Structure formats: structure tokens, C-alpha cells
Amino acid sequence: MINWGNFISQCFNGLVLGALLALISSGLTIIYGTLGVLNLAHGAMFMLGGYAGWMAYHYTGSFIVAVIAGSLFVLVVGVVTERLIIRSFYTRSHEDQLLVTFGLGIIFVETVRFFFGSLSKAVPPPPPLLGITSLGFMFYPTYRLALLGIVAVALLALYFVLYRTRLGMIVRAGIEDSVMVDSLGIDVYRIFMLVFGIGAMAAGFAGIVNAPVVSIAPDVGEAILVQTFVVVVIGGVGSFPGAVLGGLIAGEIISITSMFDPGYSYVMLFVAMTLVLVLRPHGLLGTAGRE
Amino acid sequence: MSNGKTPFSKSLSRRHLLQQTAATGLGLGVLSVGGPRGFEFVSSAAAEDQPPLGTWPAGSQGDTVNIGAATPLTGTYASSGEDELKGWQLAVEHINNGDPLLKKIAPKVTKGLLGKKVNLLVADSGAKPNDAVQAEQTFINQNKIILMTGSTSSAVAVALNHFAEREKVLYVTGISGSNDTTGKDCVRYSFRQNFYGETAANAIGPVLIKVFGKNRKAAWMTPDYTYGHTVTKSSFDYLSKNGGWTMVTNQVSPLGTQDFSQYLTNIANSGAEILLNVNWGRDAVLSIQQAKQFGILPKMKLVIPYQIPFLAKEVGPELTEGVYAATDFWWTLEDKYPLAKMFVDAFYKKYNYRPEWGANNSYMSFAIWARMVSEAGTFYPPDVIKTYEKGETFDSTVGPVHFRPQDHQLVRPVIIVRGKAPKAMKNNEDYWEVTEVDPGAPLMQKPDAFGCTLGDYT
């Protein structure tokens, strides 16, 4: 027998988790779509955003400063990483790209562990968002509600950049055919650098806004990375709307399954991924032929 | 019984990969002369009645003997793994310089053990059984370790138990709370110092019934592996049988969960009055912080059946105030036991914080091993095991203790603590007050109740 109050609550949980996954995945998917590089350091970017934000919070006491600092720091890390390392790997094999980003992820995580230790750090939500809100049918942590709004705004901003600016137009064109974009005289390398930075920043932003929900530790990005890959596969590689849809589907699958048996949450998630791979190999909103 | 496995399997896991890759070049030499245990046949020094066995005698022929620790330095249990490592390091230092504290536990230790320096080798296990076994296999091949340690996850402890039995190399567990470790998965070559699900439940059960009353509705949160399931079972069995408590929900989550909202929503809707959180390490920290966000705490009463090192420090004393927990050691026991005082002082001097129970467990398990080896007068594993099995009583940081020969479990008290209010804390690590020290023997099941049958000596 289904407890409907619980069911609605779980749908809500799925929405919040899904929105967060959507944001992180969109960063991963635009990087992969544009650059062709599968960034295994994406989880570490999520973690770095959290730590940079925590530092800023520690010194200023302001959550807004923390969010800005966390995002900008990861943007810079992304741009510098692309410029110094990733750029030399565009012409190399996928195996090399996987290894170098995997290695970068380890370096980021262990550097943070070296300086900050393994004990988790908490960033409290801003005071107006503390406590619990009654939604009529349930009580829900106020910050998690706000998080839904925060992530929605971030996704809209990303949508605006991708679909309403010249940069976005070039990026989308690059996802479809980067050789053609190059031959039109556009400096794809500069675009690549920006895309890598923006993609990383999406993860970094998610890392700091999620910190009041899940306190940060050096390994915080590891579990997220796996889920993010699943989302990208479900939604379709390189597709921004696919990442959003995939994120929401993944969040709902995890939450609703847990109502019946939490042990099967991730099993069901991978079942869904397998089904998508079998029935629609390029993902729900992906286009056949994209890498 | 040659085995075909190699220490360099396909698992790609973090920095372990680097260690393994580095090890490959060195390891080939050993492998090429007849498998991991090829060195056994080289030895000729063995006495007639003590044929070569595992890494004996090769591992103890030089002036140094090696110990291999596989402890989580990354992942969900990293903070406890680091604390445990410090306990082992301190113990090794004390064995090598004949520290007075160590000599209280192992009087026959002089400087070093049987005239040899003890050396500790460390690998990151990430609390994953495969990685831990791989690391120990590498240590056996390359360094001929004579003792293994490390777990923090009972899944690792159980895996290393069986590995120790197969390799005939002694293993003392790190933190391991599962009943299975000295129950159905017990082995001749493994020993456990710390408390476990059954003793924890039987110690904290009466306290909970006294404090919260009979016929209460409780929710459990359980990590999905041997530790979680046995601790939940033991605590539920005690509370339902003796207090009429009911389990309104049991939320089982995988190790390493970050977002507990689904589980907590189920608990919030379950009508529970009390929340027994069996999650451990970072899982416990996150689930408790998020339970607060959902308003479940402090509305429900939180209970920690199996104490988590650094919990109060990470979630803050506001959340642990009034919370009861069963534990192995807490530093304020220094007021009660002279050896505890010596241990806490030595640890604080070296590491600048007061040890958690994981570090104490590490220190004690090595000190006890040093005692057994020095009493036996040899590193020959069967003789060392038989010395453990004599069951002699000796002093420890929690008073007199002894090993139970039938299942290799230390008979030792379980400590009940209650979280202090932030205002009542006398220093920044004064999170818990000890309310009870329960003698160990009455808390334990019969030695064969959990299906323990020890294997052969050789």
C-alpha cells in the first residue's frame, strides 16, 4: 500500500536531487560535446567549488560571497587546466584523455586532503533559509526548497548563454561539427577554453550551493561523478536539455525506488540507463552520430 | 597450495593504482621464482618441528620485521582510518623504544621485539575489501610481512580474515563492529580487540530501556553490509525482547551515500520516536546533519549503537547533546585507568589531539600482539596464536582483559557515553561523559552462537 504523503515527499526529494544532478551533468555534457574530452575530474571540480566557497565563508561569513568565490575559483581552475594540460590532449586518444583527467582528479582531491584533512566541513545555509517550511502536505527543509530555485536560475542562465548568445551559438555549432566551425575562421581553442571553464564552473557552483545540504569532504565529488555520467548517458551526450531531463529522471528514480526498498535505488537507476542504451543508444535527447 | 593470483589486478582505484603500478616492477622478481610464496622453499633455517609457514621464517630472519596495514585514507571512513594509523604508529614507536606504557601490557618487550626492529608499512584500502587484500598480498610478496592489520569496514575485516587463514599470516583487525568477524567468519589467524554489535547492543540496550521506557517505536538507519546488518539485528533483538520496542522502519543505505533525503523522508513519515543510527563514518555525519535539516532531530531521540570517531566534532555538540552511544574507549577514562592516562598523554604529545577509540584500538591490538610474541619467544605463527589462546589476563587501557580462545575475541568492557551539552564541556574535545563501564563477559554471546569454527594452525 502506498502512503501518498510519503510518495509526494519522495517526488519532491527527487526533484531537488534531480535539479542538482542536472546542473552538474550539463557542465559535463557541454565539455564532452564541444571538446570531445570525457572529464573524469568533473567530480573534483564539484569538490573544489565546495572548498573554495567554504574558505570564503570562513573568512567573510557571507553565503553569497561563498557562492561567488566558489564558482569563480573553479572557473579559473577550469580555464587554467584547459590551457596548460587538456589542450595538449585534443589530438590524443580517448584513453589518454581519460587517464589525464582521472589523474588530475586525484591530484585535486589529495591536495585538498593534504591541506584540509579528511574531516568534513560544514557551510550553514544563510539565516533566512534556516529551518523547515510547511508545504501543506509535508514539512521540508527551507534551504532545500531554495536550492531548487537557485539551481533552476543557474540552469536558466546556462540556457541563456548557450541559446541566446553568440558564444552559445558557436558552442552549439562546435558540438555539431567543430571542423566546420574552425574552417569558418573562428578560434575554436579560445572557445574550448571558455567551454571547459564554464562547464567546470557549473560543477563548482553546484558544489558550493550543495554544501549546506551535504557537508563537504575531499571525496564528495566521487559519488556524484558516477551519477552524473549516468545522467549524461540517459539524456544524450552533448545535449543540454538532455542533461536536464536525465537529471530529473535520475533523481526521481532514486527517490521513488527508495520508498519501496532503498537498497534498489541505484540498481533501478542503472536499469534505466541500460534500457536507454538498448532502446535509444544516443540517449533520450541526443543526436545519433555525436561522439 | 600455490595460488595464481597476482597483486596487480585490474581494479583502478585512486592512488592505489599508482602504488600498485610502482609495485609491479619490484614484484616481478618474487613472482618469477615460483609464485608469491616461492621464498618458502629457499629457507633452510627452519627447525624440524616448525616447517616454513606463510612468511615464516623468511619474514623474521633479518634485523627488522614488517607489519602491513591496509587502512582507509580515502573515502567514507578516511578520517577514522587516519586516526587508526596514528595509533599503530605510536604502538610501533613504543615497541621499538620499550616505552613504559607498552611494557605494562607486554612486560617482556625490551627495545624492539625479540631483538628486532618493527617496521610499519601502510597502504590505502579506501575501506574496499579487494584493495585491502591486494595491498596485503603485495606486502607479503615484497616485504614478507609477519602481521597484517586494518579494516574500519567489517567487510574488509572479513575478507582479510579469510586471506590471513589462507596465507598463514597473522591478522589483527582494525575497527570492525560486525558480529561475523569473530562469529561465522572467524579464523585461527585473526584476533579482534574491539567491541562489536552484540556486546554493544547488550551494553546500551538496558540503558535505552531505562531512559526511554518500554514499548517504544524506533527507526533504524543501517549501512548495507555485514557491520550494519549485524549491529541492527543485535540491537533490535535486545530491545524488542527485553523492552517490547518495535521497528517501524529500517532504512538501509549503501556505504558512501551523500544525500539521505529519501531515507529521512521515510523516517519522518514512520511515526518513530527514537532513531537508532547505525551508519558510520561520513555516512553517519551526513545522515545526522540532514536529519536535523528535516526537523527529525531533535524531535526524535538519536541513539548511536556503535560509536563513530569524531562524530561530535563534525556534527557539533549541539546535535550530540544527550545522545547515548556505546563505545570502546573515550579519553576521559584516563581518570579511571592509569594506562588510559599514559596512552592519552603520549598520543596527545605526539599528535596534538586526544585519541578517538579507533586509535586506541590500533595501539592496543599491536601492544597485545607484542605481548603475545614476546611471551611466546618466537614469531612462529602457531606458537603466537597458542599464546593468545592461553587466555591469560593482562592489563589494558580499560583495565584487565583476556582473549576468548574459542573465537579469538577480546573479553573487554563496553563503555557507555552520553553527549555533553556545549556549555558543560571543559575543553574543546570534552564531548562525551562516560556513564557506564560494563564488564565484557556477560555481554558476549556463547562462543559458538554465531557459528564460529576456527581453522587449522598450519
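A:Gly242 lies in helix 10 of chain A, where helices (H or I, at least four residues) and strands (E, at least two) are DSSP runs numbered from the N terminus. The model is a predicted one, in which local features need pLDDT of at least 70 and side-chain atom pairs count only at pLDDT 80 or more, while totals for chains, interfaces and linings use all residues. Residues are numbered from 1 along each chain as its sequence is written, and chains are lettered from A and ligands numbered from 1 in the order in which they are written.

With 27 other C-beta atoms within 10 Å, A:Gly242 is buried; a residue counts as buried if 20 or more other C-beta atoms lie within 10 Å of its own, as exposed if 12 or fewer do, and as partly exposed in between, with C-beta atoms placed from the backbone. Beyond its neighbours within four places in sequence, A:Gly242 is in contact with A:Thr29, A:Gly235, A:Gly236, A:Gly283, A:Leu284, A:Leu285 and A:Gly286. Contact here requires C-beta atoms, placed from the backbone, to lie within 7 Å. By comparison, A:Thr111 is 131 residues from A:Gly242 in sequence and 33 Å from it in space, C-alpha to C-alpha.

Helix 10 of chain A also takes part in packing between the chains. It packs with helix 8 of chain B at an angle of about 40°, the axes being 9 Å apart. Axes are lines fitted to C-alpha atoms, for helices over the stretch in contact, and angles run from 0 to 180 degrees between N-to-C directions. The two helices, helix 10 of chain A and helix 8 of chain B, are therefore oblique to each other, since angles under 35 degrees count as roughly parallel, over 145 as roughly antiparallel, 65 to 115 as roughly perpendicular and the rest as oblique. The crossing of helix 10 of chain A with helix 8 of chain B is right-handed, a crossing being right-handed if the near helix is turned clockwise from the far one by less than a right angle, and left-handed if anticlockwise. On the chain A side the meeting involves A:Ile254, A:Ser255, A:Ser258 and A:Met259, and on the chain B side B:Gln262, B:Tyr263 and B:Asn266.

Helix 8 of chain B is mostly covered, with eight of its eight residues buried. Its cover includes helix 1 (4-35) and helix 10 (240-260) of chain A, along with strand 6 (217-223), strand 7, strand 8 (274-277) and helix 9 of chain B. Across the whole interface, 31 residues of chain B are in contact with 30 residues of chain A. The elements giving two or more residues to the chain B side are helix 1 (14-32), helix 2 (78-97), strand 7 (246-253), helix 8 (261-268), helix 9 (282-293) and helix 10 (311-315) of chain B. That side of chain B has eight nonpolar, 15 polar and eight charged residues.

Within chain A, helix 2 (residues 42-60) and helix 3 (residues 63-84) pack at about 140°, with their axes 7 Å apart. This angle makes helix 2 of chain A oblique to helix 3 of chain A, and their crossing is right-handed.

Turning to chain B as a whole, there are 14 helices and 14 strands, and 57% of the 458 residues count as buried. Five strands of chain B form an open sheet in the order 2-1-3-4-5, with parallel pairing; strands pair if DSSP finds at least two bridges between them. Strand 2 (117-124) and strand 5 (190-191) of chain B stand at the edges with a single partner strand each, so one side of each has no neighbour in the sheet. Strand 1 (residues 64-71) and strand 3 (residues 147-149) of chain B pair in the parallel sense over three bridges, and B:Gly68 stands opposite B:Met148 in strand 3 of chain B. Helix 4 (residues 129-143) of chain B packs on this sheet, touching strand 1, strand 2 and strand 3 of chain B.

Elsewhere in chain B, strand 13 (residues 414-419) has five of its six residues buried, so it is largely enclosed by the rest of the structure. Four bridges join it in antiparallel fashion to strand 10 (residues 324-327) of chain B, with B:Ala326 opposite B:Ile416. Six bridges link strand 13 of chain B to strand 14 (residues 432-438) of chain B, again antiparallel.

Conventions: Contact = placed C-beta atoms within 7 Å. Nonpolar A, V, L, I, M, F, W, Y, C, P; charged D, E, K, R; others polar.
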